[in-house]
Every structure is written in structure tokens, then in C-alpha cells.
Amino acid sequence: MLDLCAMVFNQDSKDIFQQLREGETIAPNHPQGYQLRNASFATKKLLVQLNNSADPGEIRNLLSQITGSTVDETVVVFTPLYINYGKNTTIGKNVFINFDCVFLDLGGIAIEDDVLIAPKVSLLSEGHPVSPAHRQSLVPGRIHIKKNAWIGAGATILPGVTIGENAIVAAGAVVSKDVPANTVVGGIPANQLKSF
């Protein structure tokens, strides 16, 4: 009972976006839940423009508006790109994001310099509890992709995962645990295949 009271107090005393950044579970009846929907619709409006542009500079400009921070001129994005919020995503320099990627970033996504992201990659920084009674809650888990990592086509990175520096995630892998630096992982669930 005490935990429930603490959760209600926290939800009333903190901004919902701050709670997500701090990794707190968001109940389905959160009094600020409507703000998540409103922010997602605002992002969708910008994504329509971004996904209908063929101009690299305009794409970076719109992505800067979506993320709320300047996207470096060395970043290349092949559209379409799908993001549900955007303000919890940071993108380093010399990053390449290929066609048809999905970023669910309410839990936070950090992409460091020189990262390669292949087509149809999903970065999913949010999920739901296993328990049916609590499944409508939102559980954030920050994703961190470190410098010079390569995420292969169709890979899925799940909440709370860190991809180490220089690591490679093979095409089609589902990554549910941290990937050490200088390793290759693949499979479902992803396992270490080799190190270099």
C-alpha cells in the first residue's frame, strides 16, 4: 500500500517527462498522460514534413525540431523515419540512419558519434509489465548506442540496452541485454558470436 501511495505522490509532484527520463513506470491513469499523446501528435506533424522531404538539410532541420537539439550537418538520414516523441533522443556526429527505422524514445535513446543504423532497425526504449493487471503501464528503459557501433538491418534493440563501442548487431537480431564493446552479436535473443 505504501508503494502505491508513493507512486501517486510522485505522479502528482513531478512532470511526466521527467519521470520517464528518471526511468519511472507510468501508470495508465497518470493525470498527465494526455501530455504524452499531445507531444506524440506534435511530433507526427513534423514527421510528415520530414518524411516528404528529399533535402538533407531540411531533414536535419526538422529532426532538430523533433529532438529539441541541433542535429549535426554530418548526420545523414534516409527517410522514412518514425519517432513517437523525439525530445528524449540525442544523435552524435557522423551518424547514418537508413530507411524505415522506428525510434520509440520515451525512455531515452542516445546515439553517439559514427554510428551506422541499417534499414528497418527498431530502437524501443519503452515497454510494458508482464503482469496482465499492470500491462497498460509504460516502463521506460534508456537505450545507449556507443561510438562506432553498427546496427544491422531489421535489428530490434529493447529497453535498457547499451550497445558497446565498435560493436556490431547482426541483421535481424533482437537485443535484450547489453552488448560489450568490440563484439558481434546475433540471433533471437542476441548472443555473442565473436569479439575482435
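Trainee: What is the strand order of the open sheet of 5 strands, and is the pairing parallel or antiparallel?

Mentor: The order is 2-5-8-13-16, and the pairing is parallel. Keep in mind that this is a predicted model.

Trainee: What makes strand 2 and strand 16 edge strands?

Mentor: Each of them pairs on one side only. Strand 16 covers residues 174-175.

Trainee: How do you know that strand 5 and strand 8 pair?

Mentor: Two strands count as paired if there are at least two bridges between them. Strand 5 (residues 101-104) and strand 8 (residues 122-124) have 3 bridges, in the parallel sense. Therefore they pair under that cut-off. Within strand 8, Ser122 stands opposite Val102.

Trainee: Why is Tyr82 called partly exposed?

Mentor: Its relative accessible area is 38%. Buried means under 20% and exposed means over 50%, with partly exposed in between. So Tyr82 is partly exposed. Tyr82 belongs to strand 2 (residues 81-83).

Trainee: Which residues does Tyr82 touch, leaving out those up to four places away in sequence?

Mentor: Tyr82 touches Leu47, Asn51, Asp100, Cys101, Val102 and Phe103.

Trainee: Why is Val76 called partly exposed?

Mentor: Val76 has a relative accessible area of 35%. That value lies between the 20% and 50% cut-offs, so the label is partly exposed. Val76 sits in strand 1 (residues 76-77). Together with Phe78 and Phe99, Val76 forms a nonpolar surface patch with about 240 Å² of accessible area.

Trainee: How do you know that the span of helix 4 agrees with its number of residues?

Mentor: Helix 4 (residues 56-67) has 12 residues. The expected span is 1.5 Å times one less than the number of residues. That gives 16 Å, and the end C-alpha atoms are 16 Å apart, so the two agree.

Trainee: Which residues of helix 4 are buried, and what covers them?

Mentor: The buried ones are Ile59, Arg60, Leu62, Leu63, Ser64, Ile66 and Thr67. Their cover includes helix 3 (33-51), strand 1, strand 2 and strand 3 (89-91).

Trainee: Why does strand 18 lie largely in the open?

Mentor: Strand 18 (residues 191-195) has 5 residues, and the number buried is 0, so it lies largely in the open.

Trainee: What do strand 17 and strand 18 form?

Mentor: They form a hairpin with 4 residues between them. Strand 17 (residues 183-186) pairs with strand 18 in the antiparallel sense over 4 bridges. Gly186 has Asn191 as its bridge partner in strand 18. In the turn, Gly187 has a positive phi of about 100°.

Key: Residues numbered from 1 in each chain as written. Predicted model: local features only at pLDDT ≥ 70, side-chain atom pairs only at ≥ 80, totals over all residues. Heavy atoms only, no water. Helix = DSSP H or I, 4+ residues; strand = E, 2+ residues; numbered from the N terminus. Buried < 20%, exposed > 50% of the residue type's maximum accessible area, 1.4 Å probe, protein only. Contact = heavy atoms within 4.5 Å. Patch = residues over 30% accessible without salt bridge, like charges linked within 9 Å, V, L, I, M, F, W, Y side chains within 5 Å. Areas by Shrake-Rupley, 256 points an atom, 1.4 Å probe, with all protein chains shown as cover. Salt bridge = Lys/Arg side-chain N within 4 Å of Asp/Glu carboxyl O.
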